[in-house]
Amino acid sequence: MRFAGWRRAYPAQLRADFQQYYGLNLDGMGRGYTAMHAADLAVMLPSDSRTYLAIDPENSWTLEAQLSAAMVNAARDLVWLEADAKRRRSNRPKPIGPKVSAPNPDAEAIDADDYLETLERLREEAASGDRAG
């Protein structure tokens, strides 16, 4: 059970989160609410709660923060790309933000023109199928 493991590993964080988010004293479990109720509440804590941050610090990256970091990274890359060749030999700026997961090994690279041709062919096939039916 996840809740029991969290109580052992992150007791202070879980206690503080229950007080902040639910107004419940975790030490009062059994008087007014059950362990099952507490377990349900624990897994529904917000991703930026103390407990989830202790489990994985990457949870601190909200969607808004991730999008902001992506914009900063794009701007820095653009400046780096626009630099003259001599300056561009220097290292590319390191991105800020959460760790990026490894690419899917099953993903297939495709040229943009090939992609557009494939889409056009599929649209034509779909259109001809609609006319035939």
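**Burial.** I looked up burial first: of the 133 residues of the chain, 16% count as buried, where buried means under 20% relative accessible area with a 1.4 Å probe and protein chains only. The model is predicted, so that local features need pLDDT of at least 70 and side-chain atom pairs pLDDT 80 or more, while totals for chains, interfaces and linings use all residues. Residues are numbered from 1 along each chain as its sequence is written, and side-chain values use heavy atoms, with hydrogens and water left out.

**Elements.** I found seven helices and zero strands in the chain. Helices are DSSP runs of H or I with at least four residues, and strands are runs of E with at least two, numbered from the N terminus.

**Contacts.** I took contact to mean heavy atoms within 4.5 Å. Among contacts between residues at least 6 apart in sequence, 45% join residues at least 24 apart.

**Core.** I then listed the largest nonpolar core, which has twelve residues: F3, W6, L14, F18, L26, Y33, A38, A39, L41, A42, L45 and Y52. Such a core is a set of buried Ala, Val, Leu, Ile, Met, Phe, Trp, Tyr and Cys residues joined through side-chain atoms within 4.5 Å. At least two residues of this core come from each of α1 (2-9), α2 (11-22) and α3 (35-43). Helix α3 gives the largest share, four residues. Leaving out residues up to four places away in sequence, I noted that L14 touches F3, W6, R7, L26, A42, L45 and T51.

**S49.** Is S49 buried or exposed? S49 is buried, at a relative accessible area of 1%, and sits in the loop between α3 and α4 (50-55). Beyond residues up to four places away in sequence, S49 touches D17 and Y21. The side chains of S49 and D17 are joined by a polar contact of 3.5 Å, that is, a pair of N or O atoms within 3.5 Å, one able to donate a hydrogen and the other to accept it within protein; residues adjacent in sequence count only if both atoms are side-chain atoms. A polar side-chain atom of S49 also lies 2.9 Å from the backbone oxygen of P46.

Key
Buried < 20%, exposed > 50% of the residue type's maximum accessible area, 1.4 Å probe, protein only.
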